[in-house]
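Please open the structure in your viewer and keep the selection tool at hand.

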Amino acid sequence: MSVPEPTISALPNTPSAVNSDLDTFKTEYHPNSGRPPSIERFSVYGHKERLYKHDGIRYEHFIHEPWTADRWWTVQSSLPENGVPFAFILYADKTHLSSAGTVKAYPVIARCGNLPVNIRNTNGLGGGRLVGWLPIVPDDSDQDGKLSYTNIKRVVWHESFFKLLESIILYAKTGFAHMCHDGIVRWLYAFILLLSADYEEQCVMALIRGTNSHCPCPVCLVPSNKLYDLTSTYPNRTPEDANARVQLWKKDRRAGEEALKEQGLRPVDNVFFKVNNSDPYQTISQDPLHAYHIGLWGKHLFGELKRHAKALGRHAEKKIDNQFDAFPRWRKLNHFDRVTNITYSDGNKLQDISKQILYAAQNVLTRREDPAGYALLRCITSYLHIDMYVSLDVHTESTIAAGEAELLVFQERLEYIDSLGDEASKNWNFPKVHSGKHIFRDIMAKGVARTFSTRPNEGQHGPLKRVYLRQTNFKDIANQILKLDHRSVVSEFVRSRIDYLDEERRKLILSQVELEEEDDHDYPFEGLRYLGAPVRGLTSLTTVEEENKSNHAFKHFLKKLVAFLKVFFRSYNLPLPAGTTELKLSAQDQVHEHRYLKVQYESTVDWKLTTDYLRCSPSFHGHERRDAALVHTQDKDGRDKNIFVRILFMFKQNVGDHTLSLALVLPLDAPIGPRRIIDRDLRLTRLRARPAASSEFIPVRSIIRGALLVPDFDTNSDFFLVDYVDTDMFLRTERHLFH
């Protein structure tokens, strides 16, 4: 590993390092706008229609917000020339208000699909708002489970929802004139962009009979015995067909019931059919939280894995738990000391367990000890790839295609598990497996998954419970909570206006130079790497080496540092300290150790600035922590390459007039040899550390981003890259951006 040449373009993540074509995107406007396509730079990346990013060869369609997806385009095409879609995102689900579960609520939350996700998915102004409170038909032990009583519940739900939608049904047909912020009057046409719900609520919204019906999918007519089949495509449900069957039932109960049962429908009029451009079979969306993290993973794949571990004996369960406990800490990743004997219902925790499970179980459910368990791990690998593709905040045609291709791999691996003939193995034919058939089409139609995720909406259950417990008298709770919520919105709006006024007054007293400095977001490159958490006092080079004498990586610390600095100063054409002709350091020269590094880099997912927070400390919350990183360097022949390193020591050092931010690292690029079968089967990225004596110095600015590495618990020098830690690292792995 050698120091890069002193050209700024060779440094990672600098504006000049980006190819001019790659820093542009193409905008294709709807024909009604009368505007031709345009090529723009990412500095104006914002509220557009169809967007195309240059991938080095061609412009590739990419999707993020709903207005960049197909359904918005389709709705726009159905409107008059001066019409604009006004999109509603609706969520409805029952929740318990009391800890005993005896008091329930059925809130309806609405969000505006025209607002960007960073506003839309919040609980503040512009975010989700409580707009309705549905009645809950009481349970009746004599009637529960009967078809007629269930149908009554559905009638009550849809008639109640009609009261909520009544005010927009007309505007969905005629539109309404609105003076927009730019001073132009536009006709806004209301429509329901999507319905965010778990499977049980989807069945209510689509008026289907659920898992025991002939066609359990709320979107298409897949037969109940083909839910696992992701290779076949079945006709989508249509309002016209569903309504015709309901009308037949009203005329002829026997013939109508047969027609309804054929598609798993209920004899109830669907309220969403009354709203233009709001076909419920198109608006219902596959929710990653319930379909994947709580459902397919939490209740099924994870449950099967725990069953296999239990069958191997307590020693196997204990080994998995111990390896979870030894898993390195990472920001925004829950840490677990055990998982095999605990049941989790929190979807976020279940998702974090899924990201760590392969590394903790790969040496327990082995091909020799448990062939079926090993096959399950291969299946979990494929599931994780699907989940990571679904989680992307920006999708391109390529990532959509890759996600859909992975679905077929997942099915193939499920079928292999079945072929092993394990009598205790579960039946994988259920709706949450089938949801994968629609989730990538939902993304193409309605925007990325966080658009239709129930996570932001379920997050609003907590405030409702607190209002119930702290601000009501437990009587007539619906009216009390709705009034209190209204007051909260009004006070929040007033507060925002006061804050805005204060900010404008503050700006009036600032000079023009100060205002320009506040608006300047073109940060210098050094600003993207920040060393923090300085240790109190300076440390001599001799002391650094003496305090770490048991660690061979610090051997010859002074000698290595001098050799590095000579090359560094020469490569970057830096002047030597005044009065010297050769760079020298003495044993008493001092450095200032730092134990925290903030790294900002361009995400490969959405091309925006992203931040990692790295630690290098002998005791961070009671644990030694030496984080890893991906760094940009050059090989001995001067060719650019990226490698992973373990950070051992970070410090600042003054050399003449220069303050250098440096790090001692251990490269993880030792030869591994032929790829192991387990690494190939589980798609593990194995890294091997060089001997400790091969440690090297690097400038902190050569660090591209942080990396989470977990040890291969069966070896001393091998590590696995946790590429599921975030979507950026996942894409870098899939695109082989490390070499």
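Over the face of which residue does Lys 306 lie? Select Lys 306 together with Phe 302: the lysine lies over the face of Phe 302, at 4.5 Å from the ring centre. Please bear in mind throughout that the model is predicted.

Next, select Lys 274 and Phe 162. Here Lys 274 lies over the face of Phe 162, and the distance from the ring centre is 4.4 Å.

The tour now turns to pairs of rings. A pair of aromatic rings is described by the distance of the centres and the angle of the planes. Tyr 530 has 47% relative accessibility and counts as partly exposed, whereas Tyr 596, at 14%, counts as buried.

Then select Tyr 724 and Phe 730. The centres of these rings are 6.5 Å apart and the planes are at 25°; the pair is therefore stacked, because planes under 30 degrees apart count as stacked. Tyr 724 counts as buried at 1% relative accessibility, and Phe 730 is buried with a relative accessible area of 0%.

Finally, select Phe 554, Phe 557, Phe 564, Phe 568, Phe 569, Tyr 572, Phe 649, Phe 651 and Phe 697, which form one aromatic cluster.

Conventions:
Residues numbered from 1 in each chain as written. Predicted model: local features only at pLDDT ≥ 70, side-chain atom pairs only at ≥ 80, totals over all residues. Heavy atoms only, no water. Buried < 20%, exposed > 50% of the residue type's maximum accessible area, 1.4 Å probe, protein only. Phe/Tyr/Trp six-rings, centres within 6.5 Å; stacked < 30°, edge-to-face > 60°. Lys NZ or Arg CZ within 6 Å of the ring centre and 35° of its normal.
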